[in-house]
Amino acid sequence: MLDSFVGIVKEHPLLSIVILWLILLLIYAKICIIFENAVAKKAASLIQEEENALQKKYNETQNALEKKYTEKHAELVQKYQQSKKDLVASFSQTRAKLARWEKRLSFENKENHEKYLRIQEIKNANTCQYPFLAQMYADYEYICDRIREDQLRERNKAPKAAEEVKVIRAEKREILKKSKMLEYQLNCYESLFPWLIDFKESSPSEAYDRLQALSKDSNGKSEYESVMQFFLSDAEYYNLTTSQKYQLALDRYKNRKKTNWQVGIEYERYIGYVYESQGYRVHYHGALLGLEDMGRDLIAESKDEILVIQCKRWAQEKNIHEKHIFQLYGSVVLLSIQHPNKKIQGVFVTTTSLSDLAQECANHLGIIVQSNMSMQDYPLIKCNISKAGEKIYHLPMDLQYDRVIISVKKGDYFVSTVKEAESLGFRRAYTWHGSQE
């Protein structure tokens, strides 16, 4: 057979080469397979070793964490038990101490018991009985002073001081009685007349200036004497042009130091401007009538309704109370009687907020509340067209400023500068005299 194969090879040399290459390829493939198996086996061995090492490390780490957890847990349990023990002991001590204080404070003698009963009577008494309350308050302080006197005598440390306390006690009792009577009387007046609160934070000079401003009259005085002397020097008034001097006066008016009353009037004017811009005819009762405004700072009229507006520019930390709502509601009722065919609506506008009770009262009485409404910059010059067709502008310091009603529908304006007013064809208002009204 070998001879026949050799014979074939001799006859066909190319075939023999192909066969030889096939044999070599088979041998190579076999060698590759053997090598791959060896490599795979080696890799599997390495992976197994790495896995075993990681498993060992994991077990060691787990054991260490479990040990640490056990130790920490035991430590925390111990601390908890100790804290619990300390708290129980502290609670027991505090309870015992409180029991001693309760026993000590349980009216040790007749005078302390009398003091307690008198305090309760003062606390539960009606505020309208202020003479009785004043007497009770004075008696309460009298008892306190007598206790202090007795303590000084018992200790025998200050007999002279005890005598002085005795003398002062009698005087103090009468003074406290009068003081409390006046305090209750003032609170009663403030409840009946809420506008008195507006004077509470004003100095006597500010209150006097306010009353003077409400009653001032320019009759017989020039414009400079009645108004402009507060904002312009004599030389400025007579030497500057009309536009220059009135603009300078307006700028100084805006930047002047204001009293609490002036701040309130400016807020009323701002709210009036807001409603006039909406087409209402606004009457400035607060600025014109002062203490006689009956809680009507502004009366804003439209075709269908009349708004009775009360304005309060108060600090944010202060609250509006129900007595102010009641005063406004009284004005609403009075106007409803005077104008039975008109819808009368009360509106309370303030820079602060209402107390819960005041808000409930306003809701129940149908009063519209606009709270936290701050004042914004707005044009101060009123440009008014009179019935005779004259175009006149009014500055906020003018005596007739709050009497001028701005009607946007008929061509009236609010402007910011004198130059703007004069460019629209408006002239300065002449000096007003009381006899002309």
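Tutor: Begin with pairing: two strands pair if DSSP finds at least two bridges between them. Helices (H or I, at least four residues) and strands (E, at least two) are DSSP runs, numbered from the N terminus. Here 5 strands form an open sheet in the order E1-E2-E3-E5-E7, with mixed pairing. Its edge strands, E1 (281-283) and E7 (368-370), each pair on one side only. This is a predicted model: local features need pLDDT of at least 70, side-chain atom pairs count only at pLDDT 80 or more, and totals for chains, interfaces and linings use all residues. Residues are numbered from 1 along each chain as its sequence is written, and side-chain values use heavy atoms, leaving out hydrogens and water.

Student: In which sense do E2 and E3 pair?

Tutor: E2 (residues 298-301) and E3 (residues 305-312) pair in the antiparallel sense over 4 bridges. Ile-299 stands opposite Val-308 in E3.

Student: Which strands does H10 touch?

Tutor: Contact means heavy atoms within 4.5 Å. H10 packs on the sheet and touches E1, E2, E3, E5 (343-350) and E7. Axes are lines fitted to C-alpha atoms, for helices over the stretch in contact, and angles run from 0 to 180 degrees between N-to-C directions. The direction of H10 makes about 150° with that of E3. Helix H12 (residues 322-338) lies across E2, E3 and E5, at about 155° to E5.

Student: Which residues of H10 are buried?

Tutor: Buried means under 20% relative accessible area, exposed over 50%, partly exposed in between (1.4 Å probe, protein chains only). The buried residues of H10 include Trp-261, Ile-265, Tyr-267 and Glu-276.
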